[in-house]
Amino acid sequence: MKLGHIAAAALALACGTGALAQTTTLKIGYATSPESHYGVGSKVFCDEVEKGTQGRYKCQHFPNSALGGEREQIEAIQLGTQDLVNTSTGPVGNFVPEVKIVDVPFLFRDYDHARKVMDGPTGQDILAKFPSKGIVALAWTENGFRHMTNSKRDIVKPEDAKGLKMRTMENKVHMDGYRTFGILPTPMAFPELFGALQQGTVDGQENPIPVILAAKFSQVQKHLSLTGHVYSPALLLLSPKVWNKLSDGDKKVFVEAAKKAAVAQRKKVNEDEANGIAMLESQGMKVTKNVDKVAFQEALKPAYAGYAKEFGADNLKKIQEIR
């Protein structure tokens, strides 16, 4: 009997210390709230990882840019001081130049086209470029088609945007395009944006509907124009420091979890797109739906000459022709 007690106690102790030693908490950061599309995708990823590894890995969430702007978080992923980030592609081109091609304005027709490209050979080839830059890209998630907001006037055609000081991401591809519309691009980290709009440091900004909703920009912006000028994918990035410690089985769990996260994040983007415009109108925003997209595409032609030189006209055409 006594021997049995000792054996049971030893077993309990072994199990307990084993469990303690095996639980790793990963830090995941993103720019918006836990209820946003980024929050939804990140939660699904973390839940799936915890389930798939029987609780050996779990996450601590840092929403609302608690760990800094997206650029800083990507740097932290490289350094290994942060484990995961769910980020827009905006600053990613500064780390992995091949990503920049997907930031070209009016490259994608609609969500169906964009998602086919990201999930197909083009998107997967870009993901393969990350490890050599000290980053592991688990999956393409999603931010959405970007629209312009400002505090001054409706934007129907490029001339209406002329002279507006607009916050942009730290992204040369975007900025070159916006200059052709007569916009004065003002790069700024996302955490600083709400205050800058409130104080009138910038007149406007451009972001997808899910971000405009989550960031409560209706409180500081009167006009929303549905320009849909850039499709903004997003990425779930992992530190190689974590990846290199994973067993092959766990690596598979992480990749599968990222795929499920992408599905959930896109679903949330769809829901926000469907319901968000009416919500923003109810919050007092004036929404311009009859945007002259052809005029915007025409105005963009000088920038496209530069894009063709940088990315290759054939590569741009290949993306445009995907059906």
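**View 1. Lys172, Val173, Asp176, Tyr307 and Glu310 line the largest cavity of this predicted model.** The cavity, the one in the structure that reaches 30 Å³ or more, has a volume of about 30 Å³. Helix H7 (172-180) and helix H13 (301-311) each supply at least two residues of its lining, and H7 gives the most, with three residues. By residue class, the lining divides into two nonpolar and three charged residues, with no polar ones.

**View 2. Phe145 and Tyr231 form a tilted aromatic pair.** This is one of eleven aromatic pairs that a search of the whole structure finds, and its rings lie 5.3 Å apart from centre to centre, with 55° between their planes. Because Phe145 belongs to strand S4 (residues 136-150) and Tyr231 to strand S8 (residues 223-238), the pair ties together parts that are 86 residues apart in sequence.

**View 3. Tyr307 and Phe311 form a tilted aromatic pair within helix H13.** The ring centres of Tyr307 and Phe311 are 6.5 Å apart, and the angle between the planes is 35°; along helix H13 the two residues are separated by four positions, about one turn of the helix. Tyr307, which is also part of the lining of the largest cavity, has a relative accessibility of 2% and therefore counts as buried, while Phe311, at 11% relative accessibility, likewise counts as buried.

Terms used:
Residues numbered from 1 in each chain as written. Predicted model: local features only at pLDDT ≥ 70, side-chain atom pairs only at ≥ 80, totals over all residues. Heavy atoms only, no water. 1 Å grid on protein atoms, 1.4 Å probe; cavity = no way out; pocket = protein on both sides within 12 Å on 5 of 7 lines; lining within 4 Å. Points joined across faces, edges and corners; volume = space filled by probe spheres on them. Nonpolar A, V, L, I, M, F, W, Y, C, P; charged D, E, K, R; others polar. Phe/Tyr/Trp six-rings, centres within 6.5 Å; stacked < 30°, edge-to-face > 60°. Buried < 20%, exposed > 50% of the residue type's maximum accessible area, 1.4 Å probe, protein only.
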